[in-house]
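Student: I have never read a protein structure before. Could you walk me through one, feature by feature?

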Amino acid sequence: MLTSASMRRRLPVSLGVLGVLIAILCLAGVVVALLALRAGLDDKDGGNRIVYGLTLNPSGFDPHIHISNELGIPFYSIYDTLIYRHPQTMDFVPGLAERWEMAPDGLSWTFALRRDVTFHDGTPFNAQAVAANLDRITNPELASGKALALLGPYTGYTVVDDFTITLHLSEPYAPLLDGLSQVYLGMASPAALREYSKNTYQWHQVGTGPYRLEEIVPGDRIILRRNPEYAWGPVFYAEATDQSVDTVEFRFYTDPATRSLALESDAVQMIGELLPTDVELLLGNTQLRVLRVPIPGLPQQFFFNTKRAPTDELAVRQALLYATNRTEIVDAVFQGQSPVAHGPLTATTPFYDPAVEALYPFDPTFAQSLLLGAGYGDSDNDGIWDRDGEPLRLTMIFPSWNQTPEVAQLIQSEWRDIGIEVELIRVPDFPTLRSYALEGDFHLIAFYDFGVEASLLNQFYMTGGANNWSGFSDSELDGWLHEAVRQVDAGTRAALYSSVQQRIMEQAVVLPIREYVNLNGTTARLDGVIFSAQGWWPLLRNLQLRP
Amino acid sequence: MANGWRRGRLRAALALLAAAIALAVLAPWLATHDPRRAVPEEQFQPPSATHYFGTDLLGRDVFSRTLYGGGRTLGVALLTVLIALGPGLAIGIAAGYGGRWLDAGLMMLMDALLAFPSLILALALIALLGSGTVQVALAVGIAGIPSYARVTRAAVIQARSLPFVEAARALGAGPRAILWRHIVPTAAPSLLAFAGVTLSWALLNGAALMFLGYGGDIAAPEWGVMLADGRAAFRNAPWVALAPGSALSVTVLAINLLAGGLAEHPADG
């Protein structure tokens, strides 16, 4: 604020002001004491209790509506899904459905449901409950962001009997089971769905899972309490013991620099997305553990704009891939805590094809020869290559998270060494990123998503796909991607996805940087720290807190 | 004796500020490395004979970046003060010397703007203007106009009622002559001192907006940007944040000392 220089001389504070100040301080002291007392009382009746640090505050928490991966961290344990994916083998294992069967024509799937399941509010779980959930998700008024998409070509259901339901599809759809295993298709209590509106249900969520939602204070905390009746978990859920965690309180740590401090001061007992540069400090502390959890799906990457010169030319895109020293980026920015990415899928994703790893070794000399072949050269000797008087200048758009600004600066520095100039534009949020993508006002743009199913690629690479920001179009690739979701046989799918991954890299549509790894930190007193197959969501049921 | 101490303090402040400006201007000759060039193998090197202030996450030389950053930071601050100065002076003189209605109207407008904390107002302006170096100077500058207008008006009113100004008026001097020959020179010292204070405030607010990431080119060296980069790495490499932080503090201190000295002893300046 602006203060006049002469104000310094007006010193003596009147006694009245002093008195008021003292009164305010006393009052503040009383408030602090009361708050401390209340916190102390909370601790006593909580049993085993941990605080879990969330890294962003999602815009919404309803898995049927909202798309954030972060919401699954608490809510994966509120809900059960019809099917689970085993975290280690990635196999499908029974959840709320004991058995399932696909019709020979692939156009319907029948699920036999468990008979011993009740929701947290006492409502029994049955085929009508599944029907109520499907009705809600497919209702256009709900505007589901992800759950509806996971159902694919779903057309409707038939309730066969109280504990059998059939889902109908307009064409065979192999990724259905994977969709049903995600938190977005968690089964909610039909009674609660009736009681609350589409906007208010997210504050009163009721599932069948191992934890109950006790309290949500938006932007402040989410409190879960263990469900003592829970006895219908999938095979990989542990039995409850007296070291099971009774209460999990989620708090928000949106500033990455504060996370390791919160862990070291024991303000949280578990937290994700630590800064890579903090890991070494934490590893030296015997009270703590660091877990590197690979996230399947697309790597952290940049799409090339294949609709705008000069990245519409294959040779230029390939040159940029050869010119990027990914090992250097991973070592410097991610401290070697993540693997280098080579293709459109990460190595932990089913149907990953390691053939892409040999394609673009770091070779700046070869990159320059490709550019020479495309007609570029430094005709005016200013260090930046040009063609027909146009300097080789590219625009790169990226968000502020996941150390992308540091990655971008390193790429800028690497590419300048071979005569390519890059303009860096950091955007504050996803809507701004998307508006750049829709206007096509970029050469490279950072964009990716996560998931176990390789069909995640469709929306990014198919002609006209919802997330096809590169503008790439290849009818043969479209055919493979479409066929791969119709085929249930794993061998056939693997062969198709091999072709897909190789074509994408041969055509240099994307610049992969690193495979995403969530750096989680926990107190060493916490055992049984396991994450779901999707990588993001912890199995709170398996946590054991040693005294 | 107290006078000698004050004069020494003023000289020291002047020397510090001159040094900061000189270092910023001479950066291309003094820098030991390219401030933008990343050398990842040399990440987080502590200060040494090759890297006087160490290196950052991407292995860039912090000494060279601090030198170059000074030019950008000080340049933005100067531009900010100029942007605030022009309209602020004009509005203040118009209000202080113009008619009663003009005064009331202008000051009501300025008070309305003053109701916003200036950094919040600058943030709102950035949302309108978009990010970039000039935009930051514009946002902070516009947010500073009301304070400048207020102080100018007060100085003008004070000068207007001084006996020799009254005397000049009684002798039949025209309003324009009174304004330029008597009021402006009388009000100038306190306005100059205020401009000094505004410069340090412009420096801090500009750096704050840069720190928050509104400065455009993120690879360009700038003290606020360097502080933001250094904050995440503070536990590994405190020098990355300490170098620009100290440079910013010392410069602001020098400006404040200078402005304080000028206000007390205009003749010494």
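Tutor: Gladly! Let us begin with one residue: Phe351(A) is found in the loop between helix H10 (326-333) and helix H11 (364-373) of chain A. Please keep in mind that this is a predicted model.

Student: What is the phi of Phe351(A), roughly?

Tutor: Phe351(A) has a positive phi of about 75°, although this residue is not a glycine. For another backbone detail, go to Ala309(A) and Pro310(A), which are joined by a cis peptide bond with omega at about 0°. Pro310(A) sits in the loop between S13 and helix H9 (314-322) of chain A.

Student: Now the sheets. In what order do the four strands of the open sheet in chain A come?

Tutor: Read across that sheet, the order is S4-S5-S7-S6 in chain A, and the pairing is antiparallel. Strand S4 (97-102) and strand S6 (154-161) of chain A are the edges, each pairing on one side only. From one strand to the next, the twist averages 20°.

Student: How many bridges join S4(A) to strand S5 of chain A?

Tutor: Five bridges join S4(A) to strand S5 (residues 108-113) of chain A, and the two run antiparallel. One pair to find is Glu101(A), whose bridge partner in S5(A) is Thr110(A). A helix belongs in this picture too: helix H3 (residues 127-138) of chain A packs on the sheet and touches S5, S6 and strand S7 (164-169) of chain A. The direction of helix H3 makes about 165° with that of S6(A).

Student: Where do the side chains of a strand point?

Tutor: In a regular strand, side chains alternate between the two faces of the sheet.

Student: How do strand S16 and strand S18 of chain A run, parallel or antiparallel?

Tutor: Strand S16 (residues 393-399) and strand S18 (residues 444-446) of chain A run parallel, and two bridges join them.

Student: How should I read a salt bridge?

Tutor: Look for a side-chain nitrogen of Lys or Arg within 4 Å of a carboxyl oxygen of Asp or Glu. Over all chains, a search of the whole structure finds 31 salt bridges. In one of them, the side chains of Asp62(A) and Arg136(A) meet at 2.7 Å, N to O.

Student: Why does the pair tie together parts that are 74 residues apart in sequence?

Tutor: Because Asp62(A) lies in the loop between strand S1 (49-54) and helix H2 (72-75) of chain A, while Arg136(A) lies in helix H3 of chain A.

Student: What about chain B? How many helices are there in chain B?

Tutor: Chain B has ten helices and zero strands. Along its principal axes, the C-alpha trace of chain B spans about 75 × 50 × 30 Å.

Student: How do I describe the place where two chains meet?

Tutor: The size of an interface is often given as the accessible area lost when the parts come together. Here chain B and chain A bury about 2,500 Å² between them, 55% of it on carbon and sulfur atoms. On the side of chain B, Leu58(B), Ile218(B) and Arg235(B) lose the most area to chain A, together 27% of what that side buries. The contact takes 28 residues from chain B and 31 residues from chain A.

Student: How many salt bridges are counted between chain B and chain A?

Tutor: Three salt bridges are counted between chain B and chain A. Arg231(B), for instance, forms a salt bridge with Asp255(A), with the closest N and O atoms 2.8 Å apart. By class, the side of chain B that touches chain A has 13 nonpolar, seven polar and eight charged residues.

Note on methods
Residues are numbered from 1 along each chain as its sequence is written. Chains are lettered from A and ligands numbered from 1 in the order in which they are written. This is a predicted model: local features need pLDDT of at least 70, side-chain atom pairs count only at pLDDT 80 or more; totals for chains, interfaces and linings use all residues. Side-chain values use heavy atoms; hydrogens and water are left out. Two strands pair if DSSP finds at least two bridges between them. Contact means heavy atoms within 4.5 Å. Buried area is the accessible area (1.4 Å probe) that two parts lose on being put together, summed over both. Ala, Val, Leu, Ile, Met, Phe, Trp, Tyr, Cys and Pro count as nonpolar, Asp, Glu, Lys and Arg as charged, and the others, Gly among them, as polar. Axes are lines fitted to C-alpha atoms, for helices over the stretch in contact, and angles run from 0 to 180 degrees between N-to-C directions.
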